[in-house]
Amino acid sequence: MTWRIVLGALTLVAASSQACLAADPRYPDWPCAQAKVPEISLPAVWAGPPLDDVQSKWKDDSKVTALVTKTAARRMPLDEAEKEIRQFLASSNNDKVMAGKLLFAGLFDTLNAERSTVMNGLERVMRKQREAADRVRADTIALQALQSETSPDQQKVDELSNQLLWETRIFEDRRRVVKFVCEVPTAIDQRLFALGRAIQQEIE
Amino acid sequence: MWRHCLLPGLAVWLAAAAPAHAYIAYVSNEKGNTVSVIDTDSWTVTNTIKVGQRPRGIEFTRDGKFVMVAVGDDDTIQMIDTKTHEIADTLPSGPDPELFTQDTTGKILYVANENDNTVTIIDIAKRARLGDIQVGVEPEGMTMSPDDKILINTSETTNMAHFIDTTKREIVANVLVDSRPRFAQFKPDGSELWVSSEIGGTVSIIDPVKHAVTGKIEFSIPGLRREAIQPVGIGITKDGKTAFIALGPANRIAVVDAATHTVTKYLLVGQRVWHMAFTPDEKYLLTTNGVSNDVSVIDVASQKVIKTIQVGELPWGITITPQ
């Protein structure tokens with residue numbers, strides 16, 4: 001049983017060393033296969049009228065802030081969010097273009113900030129994973145040393161085996177979660193682009 | 001007399017009432033391992049066909065009976081029966097086929113095999129391999145001159161457009177272009193060859209007789225980093241006057257005056273726009289947008305995006321009914 005734990009921990013550490021090699025040397029803590037793009041650039045998602053005159057003014061409009069919060073949330077299906085946007089813009093007869101600009105400025109700020117939070121979180125987890133891998137490696141060596149003694153202290157062996165088992169389990173769980181969370185920045189990109197496109201089509 | 005007036009009137013009414021553009025488009029979804037079928041009358045996905053692994057290059061046979069799709073990770077080209085929407089047959093490509101082109105008669109298919117630096121020649125009717133031509137590293141773009149005499153193949157790593165004599169089946173000229181050439185297209189009159197370079201960020205205009213680069217189209221979108229502008233797919237109207245260039249992660253199609261080689265407009269379409277196809281009447285241009293998983297419909301006359309259609313995961317190539 002103990003040997004199986006040691007073998008599992010060693011395999012995991014070897015695998016994690018591979019995974020820890022960042023694809024882009026500029027971002028050594030970036031754990032995802034997807035390339036890290038630190039910020040979404042405005043021209044990549046918006047070809048509508050310039051937003052220079054709106055900046056953070058969207059925060060002063062309670063209707064816009066409410067709609068930004070509602071439609072930015074990924075739990076709301078995209079087609080529903082687009083429908084809400086179309087309805088809002090249709091009711092802004094007086095200045096549809098300004099309403100569209102304010103709404104997109106809000107979505108851009110909000111979703112870009114959310115994306116940065118997710119990406120920072122991913123890098124933080126990556127750093128933790130490195131520390132965890134070091135711990136697993138050290139405990140594996142310590143366990144092997146204990147077992148090599150002529151009369152090993154079985155209680156110590158059991159304790160360390162148990163600790164190692166938990167450490168590897170937590171490491172594996174985190175790795176699975178990271179793989180899933182790596183998809184989130186792309187999902188946010190897609191949502192911002194789709195909502196921006198819906199706004200542009202409405203105000204054109 | 002009234003009959004003479006009524007009949008032409010009825011004919012006009014019927015013509016107006018009939019759908020003006022009922023074509024079928026097939027889109028290869030590289031990650032979804034499917035092909036989406038789009039009705040261009042209703043602009044909806046009417047079917048999703050499961051195909052092999054990593055479908056990319058896609059094209060109708062000239063008789064419209066089959067859609068050929070290169071499934072790179074399965075090292076073959078599958079033929080979809082357009083009536084049953086089932087895989088009816090396969091064609092013997094080399095390893096990792098990506099793009100292909102056929103001659104004007106629709107008899108011979110030329111396939112770029114990304115993994116072994118060859119172009120495979122296939123007899124479509126016999127489903128038989130006729131031979132291979134050695135080309136540069138990572139062959140990709142494929143196009144045929146309007147007279148069927150010269151086949152063009154671009155190689156991603158060698159950064160060249162290879163001119164291949166289709167009778168001798170050998171390379172007769174090489175033209176160096178900018179980094180990572182992706183796609184090649186002749187003007188309909190054969191006077192110019194256009195080659196897009198994904199990393200170089202340009203489209204090279206090549207004189208096909210002199211085998212020389214005579215000009216380059218460059219792109220500039222305020223606020224967007226140069227490396228985000230990656231030209232890939234090219235579409236040129238039959239009259240040779242207007243061209244459309246897909247700019248990848250710039251999420252835009254550049255509209256180009258094909259006579260002066262200047263960009264006249266940028267159209268925001270979808271994320272990572274890759275390839276495109278015109279409807280046969282050239283009223284519409286459909287583009288595949290890989291990251292937003294959709295297809296944009298551009299009204300060619302007004303040069304406006306009029307519709308977005310969700311398809312499968314990572315749409316790559318597109319082909320539309322030939323008639």
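Me: What is the mean pLDDT of chain A?
Reply: This is a predicted model, and pLDDT is the predictor's confidence in each residue. In chain A, 89% of the residues reach 70 or more. The mean pLDDT of chain A is 89.

Me: Which element of chain A has the lowest mean pLDDT, and which the highest?
Reply: Among the elements of chain A, the lowest mean pLDDT is 59, and that value belongs to helix H1 (residues 2-19) of chain A. The highest is 96. That value belongs to helix H3 (residues 62-72) of chain A.

Me: How many helices and how many strands does chain A have?
Reply: Read along the sequence, chain A follows the pattern α-α-α-α-α-α-α. Its secondary structure comes to seven helices and zero strands.

Me: What share of the contacts in chain A join residues at least 24 apart?
Reply: Chain A has 204 residues, of which 28% count as buried. The contacts in question are those between residues at least 6 apart in sequence. Of these, the share that joins residues at least 24 apart is 80%.

Me: Why are the buried residues of H3(A) on the same side of the helix?
Reply: The buried residues of H3(A) are Val64(A), Leu67(A), Val68(A), Thr71(A) and Ala72(A). They lie on the same side of H3(A) because the arc they cover around the axis is only 115 degrees.

Me: Which residues are exposed on the other side of H3(A), and which helices do its buried residues pack against?
Reply: On the other side of H3(A), the exposed residues are Ser62(A), Ala66(A) and Thr69(A). The buried residues of H3(A) pack against three partners in chain A: helix H4 (78-90), helix H5 (96-148) and helix H7 (184-203).

Me: In S13(B), what is the bridge partner of Met144(B)?
Reply: S12(B) and strand S13 (residues 150-155) of chain B run antiparallel and are joined by four bridges. In S13(B), the partner of Met144(B) is Leu151(B).

Me: In the open sheet S8-S9-S10-S11 of chain B, which residue of S11(B) stands opposite Asp123(B)?
Reply: The four strands of this sheet have antiparallel pairing, with strand S8 (97-102) and strand S11 (128-134) of chain B at the edges. Neighbouring strands are turned by 25 degrees against each other on average, direction ignored. Strand S10 (residues 118-123) of chain B pairs with S11(B) over six bridges.

Me: Why is strand S4 (residues 55-60) of chain B described as largely enclosed by the rest of the structure?
Reply: A residue is buried if 20 or more other C-beta atoms lie within 10 Å of its own. S4(B) is largely enclosed because the number of its residues that are buried is six of the six.

Me: Which residue in the turn between S4(B) and S5(B) has a positive phi?
Reply: S4(B) pairs with strand S5 (residues 66-71) of chain B in the antiparallel sense over four bridges, and Ile58(B) stands opposite Val69(B). The two strands form a hairpin with five residues between them. The phi in the turn is about 75 degrees, and the residue is Gly64(B).

Conventions: Residues numbered from 1 in each chain as written. Chains lettered and ligands numbered in written order. Predicted model: local features only at pLDDT ≥ 70, side-chain atom pairs only at ≥ 80, totals over all residues. pLDDT = per-residue confidence, 0-100. Buried ≥ 20, exposed ≤ 12 C-beta atoms within 10 Å, placed from the backbone. Arc of directions from axis to C-beta. Contact = placed C-beta atoms within 7 Å. Pairing = 2+ DSSP bridges. Axes fitted to C-alpha atoms, helices over the stretch in contact; angles between N-to-C directions.
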